[in-house]
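Dear colleague,

I am handing over the structure that you will find just below, and after it I set out what was found in it. Please read the notes with the structure open beside you.

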Amino acid sequence: MKSRNSPGAGGNGDPAPGANGGAKPKRTIRNVVLAGLLGVALAAGGFLFSLAQIWNTQTAKTEITAAAESPTQTATTKPSPTKKPAPKPVKPPPAPTLPMNILLIGSDHRKGDAPAPNGLPNQRADVLMLVHLSADGKHAYGISLMRDLWVPIPGYGEAKINASLEQGGMPLAVKTVESLFGQKIQHAVMIDFEGFRGITEALGGVDVNNPEAFTSTHDTHQHFPAGVNRLKGQRALEFVRERYTFVDGDYRRVANQQLFLRSTLAKLLSARTLTNPVTLYKLVNTASKYITVDKGLNATALASLVYSLRNVRMQDAVFFTLPTAGFGTSTDGQSIILPDYGAAAAVGAALGQDRLGQYAATLGK
């Protein structure tokens, strides 16, 4: 098994950065998907709902065309006027129970990785984000959790929060975040590196306005100039993974992940994407190969979720990072990020009261 948490390491088998330091999962079937995150869940649900609308409209068009092209009657018989059938109304999916918390997990698993000794995939959480959907269905919040955050993992003692995935899979990752905030998580979604590349390719890329030029230290060493960058495939993966080239390390990486996710959501929720069945089918087909979700997140739940969020505007989607107490070193020599339990308690209370917007507004003041 490859070592991902040796003393002094930053996790994920990478060299030490120095100062920078539930629900039972199952593989999705073709129509039960969620992507890269919450965005693909919205796309999948939107695809299902849009497909129903397209299907009914096309059925009506076929019936109208068939009636128009039917053989004419004899001259002695006055033909009856053809009545055009109206498209069948699409029944909206049932409303989901809101507010809702969804844990998004980006796994560092790569194809060919050997299983861990416990039989689980040899992986850690490269990305952890808790998404909160408000009770009114009009607001979405993304709370990024630093992967090196030093927290108690139920049944295992203190460790970096990303180790929860390796030690107990999605259920333990969910339980760990629930324990941190004292709040229930209704659903969980996970995608690995290969899936991330495939999904961004299927989406045709995402335009991200990069605030500062940098060159990736990973794999193919992609360069990202300041300004708008079209990101997909390997290029997108290296953008969201990079941390070593930044003075503030993981903090900047998390900010870039939020930037990328916000741009992805904007494209997924655009009319050009949600009304294009070819694009959506390609996206859903690709996502179904890579995404792992909890057993309660089926096609009906996805369609219900996207329909309930039809009025969410991008300015009502807020992303922030859980405040921390800075860098530190564990007793066994690991470079870690110290938790701010006061901030975690405040976020937990805001989640429980569905007032996360009020909490987010206080950040930076």
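The side chain of N210 reaches the backbone oxygen of P225 at 3.2 Å, and a polar contact of 3.4 Å joins the side chains of N210 and R252; a polar contact here is a pair of N or O atoms within 3.5 Å, where, within protein, one must be able to donate a hydrogen and the other to accept it, and where residues adjacent in sequence count only if both atoms are side-chain atoms. Before you go further, please note that this is a predicted model, in which local features need pLDDT of at least 70 and side-chain atom pairs count only at pLDDT 80 or more, while totals for chains, interfaces and linings use all residues. Residues are numbered from 1 along each chain as its sequence is written, and side-chain values use heavy atoms, with hydrogens and water left out.

N210 is found in strand β8 (residues 206-210); helices (H or I, at least four residues) and strands (E, at least two) are DSSP runs, numbered from the N terminus. With a relative accessible area of 1%, N210 is buried, where buried means under 20% relative accessible area, exposed over 50%, and partly exposed in between, computed with a 1.4 Å probe on protein chains only. Leaving aside neighbours within four places in sequence, N210 is in contact (heavy atoms within 4.5 Å) with F224, P225, A226, G227, N229, F239 and R252.

The axes of helix α4 (residues 233-241) and α5 come within 7 Å and cross at roughly 135°, the axes being lines fitted to C-alpha atoms, for helices over the stretch in contact, with angles that run from 0 to 180 degrees between N-to-C directions. Sorted by class, the contact has 5 nonpolar, 2 polar and 2 charged residues, where Ala, Val, Leu, Ile, Met, Phe, Trp, Tyr, Cys and Pro count as nonpolar, Asp, Glu, Lys and Arg as charged, and the others, Gly among them, as polar. Helix α4 is mostly covered, with 7 of its 9 residues buried, namely G233, A236, L237, E238, F239, V240 and R241.

Q257, which belongs to helix α5 (residues 250-268), counts as buried because its relative accessibility is 10%. A polar atom of the Q257 side chain lies 3.1 Å from the backbone oxygen of V240. Not counting residues up to four places away in sequence, Q257 touches D126, V127 and V240.

Turning to the nonpolar cores, each is a set of buried Ala, Val, Leu, Ile, Met, Phe, Trp, Tyr and Cys residues joined through side-chain atoms within 4.5 Å. The largest of them has 39 residues, of which I102, L133 and F260 touch the most other members. Helix α3 (residues 193-203) supplies the largest share of this core, 5 residues. A second, separate core has 34 residues, including I143, I161, L180 and I185.

Helix α3 is itself mostly covered, with 8 of its 11 residues buried: these are F193, G195, F196, G198, I199, T200, A202 and L203. Within this helix, G195 has a relative accessibility of 0% and therefore counts as buried. G195 and I291 are 96 residues apart in sequence, yet 7.1 Å apart in space, C-alpha to C-alpha. Just after α3, G204 takes a positive phi of about 85°.

Some backbone details may also deserve a look on your screen. A cis peptide bond, with omega of about 5°, joins L98 and P99, and P99 is placed in the loop between α1 (38-68) and β2 (100-107). H221, although not a glycine, has a positive phi of about 55°; this residue lies in the loop between β9 (214-215) and β10 (223-224), and at 48% relative accessibility H221 counts as partly exposed. D354, another residue other than glycine, has a positive phi near 55°; D354 is found in the loop between α9 (341-353) and α10 (356-362) and, at 26% relative accessibility, counts as partly exposed.

With best wishes
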